[in-house]
Amino acid sequence: MQPQQQLKVTLAQLNFLVGDIAGNTQMVIDASVEAAQQGSDLIIFPELTLTGYPPEDLLLRPSIETRIARAVAQLKQQLPSECYVLLGYPLMKTGKLYNAAGLFHDGKLLAEYCKQELPNYQVFDEKRYFTAGDKPCVVDICGINMAVSICEDIWHPQPMAQARAAGAQLMLNLNASPYHLGKAVDREALIKQRAKEGEMSILYTNLSGGQDELVFDGASMVVDSHGELLFRAPEFETQLYHLTLNLEQQQSGLSVSMNTPQVTAHQDAQASVYNALVMGVRDYINKNGFKGAVLGLSGGIDSAVTLAVAVDAIGPERVEAVMMPFRYTSKMSLEDAEAEAKRLGVRYSVLPIEPAYESFMGVLKDEFKGTRPDTTEENLQARCRGVLLMAISNKKGYIVLTTGNKSEMAVGYSTLYGDMAGGFDVLKDVPKTLVYQLANYRNQLTPENPPIPQNVIDRPPSAELAPDQKDQDSLPAYDELDQILEMYVEQDVSAEDIVRQGFARDVVHKVIRLVDLNEYKRRQAPVGVRISSRGFGRDRRYPMTCRWPAGE
């Protein structure tokens, strides 16, 4: 059969809630009805649409098969008959679970495809749950032989070659591809390469939204058989994209074009990171049913950026900032914290911790007899603040947002049950040097009302837990520290190889020792948005009890 002159396609770049199979099923139905009303021939959803991604050990629940079967039956009954619908779900078949995609049309499930390439690296562990498929799936949709593939399949050449050998003219690719800095560019280059290798166009739909530490950035696309980009959806947006593709059967294969290509520009580094943080915070708070967020506003840059992200995520009316001064808190910190809160329009309160601190010290008087002040007293200040924030959280139903950045989390420059006490760490995967860039970026968004005072950006960072304290009293300069951490944490470069890059041996070994020693702290830290190719958490799983000498 000759292909029709035009194909109307909807890319469903939507935000699904993990575990909400009933809600996700209804979202599929509603989106498909809208696509049909727009005249679409085909709508393509992301990977594991019905469960959300990643469902993790929900896939091991015995009822997963029953729940998915119920959803599939509902889809057969309620999907619009005139539109082909392609979506993902876990499929139990002959006692094995597959990561599958199903094609629905006119009340029937026409075909199912099982993902062949199961990722088992970084944040992925699909081999824990799924069996790999081994067959292509090529179906006739509107007279065109279309192949189905799922996410990781497109990162390997074999599924594309297999589909082409089976007669495919067009590739449909369902995705749940998480964000990290630079991923959108790498992903797009790979899709272009694969399209040229297979000599067929690729329609790529990606998930959008936050799920625990992962953020899915969308950026769904259409690439033609020559590797040219015809369409790119905006990043970090949730929407249905209705496209009209022009099809022409040529001697070399099926040509796909658009009258006017629609290619949204990639966001720069600061914009993409900031938007990833906003999306991750918004979805974590809203999907988990918190009424709002509360955080300690110290007058420093980390809490200032965290406050700005929170306000941009859920609105100022749902955010509370608390300044908790002590005898070492500077007048400038008090003034800057108040200025930030006013500019962002949040509820602001000042709760001095001196009385709580003195009460604790009174209780501990006999225990501390004969000892000298040290970091114990510093940590006690942080723990007083943690107690106050958690009390507000309990009383008001607000989540506590912690403010530690990746540099601090890496070397343990934080207090367990103090500034680490909370439910979500917004900057957990953001190095300190990038925090400064984000502060400037956020100020540029509203230059008429920059939320972060220039004082906060310019002055040396300090925890203000002791007189005249500065971060650099106990840590290398952040420019140097962040480079060492990137090599050791994200790239697994050895200590000696880092030294060969021009860093002082004693500094390198000190940093690496701090990273290794503080794994126990990070295991107890709140979850936070992943923005790097290797964050603390799902990405990096080191033992807490360990005697691994640094060097090689």
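Author: Gladly, with the caution that this is a predicted model. A residue is called buried when its relative accessible area is under 20%, and exposed when that area is over 50%.

Reader: What makes His-180 buried or exposed by that rule?

Author: The relative accessible area of His-180 is 11%, and because the cut-off for buried is under 20%, His-180 counts as buried. His-180 is found in the loop between strand 8 (170-175) and helix 4 (183-198), and, its neighbours within four places in sequence left aside, it is in contact with Arg-530, Ile-531, Ser-532 and Ser-533.

Reader: How do you know on which side of helix 2 its buried residues lie?

Author: The buried residues of helix 2 are Ile-64, Ile-68, Ala-71, Val-72 and Leu-75. They cover an arc of only 100° around the axis, and therefore lie on the same side of helix 2. Arg-70 and Gln-77, on the other side of helix 2, are exposed. Among the elements that cover the buried residues are helix 1 (21-37) and strand 3 (84-93).

Reader: Why are strand 6 and strand 16 called edge strands?

Author: Seven strands form an open sheet of mixed pairing, in the order 6-7-8-9-12-13-16. Strand 6 (138-141) and strand 16 (262-263) each pair on one side only, which makes them the edge strands.

Conventions:
Residues numbered from 1 in each chain as written. Predicted model: local features only at pLDDT ≥ 70, side-chain atom pairs only at ≥ 80, totals over all residues. Heavy atoms only, no water. Helix = DSSP H or I, 4+ residues; strand = E, 2+ residues; numbered from the N terminus. Buried < 20%, exposed > 50% of the residue type's maximum accessible area, 1.4 Å probe, protein only. Contact = heavy atoms within 4.5 Å. Pairing = 2+ DSSP bridges. Arc of directions from axis to C-beta.
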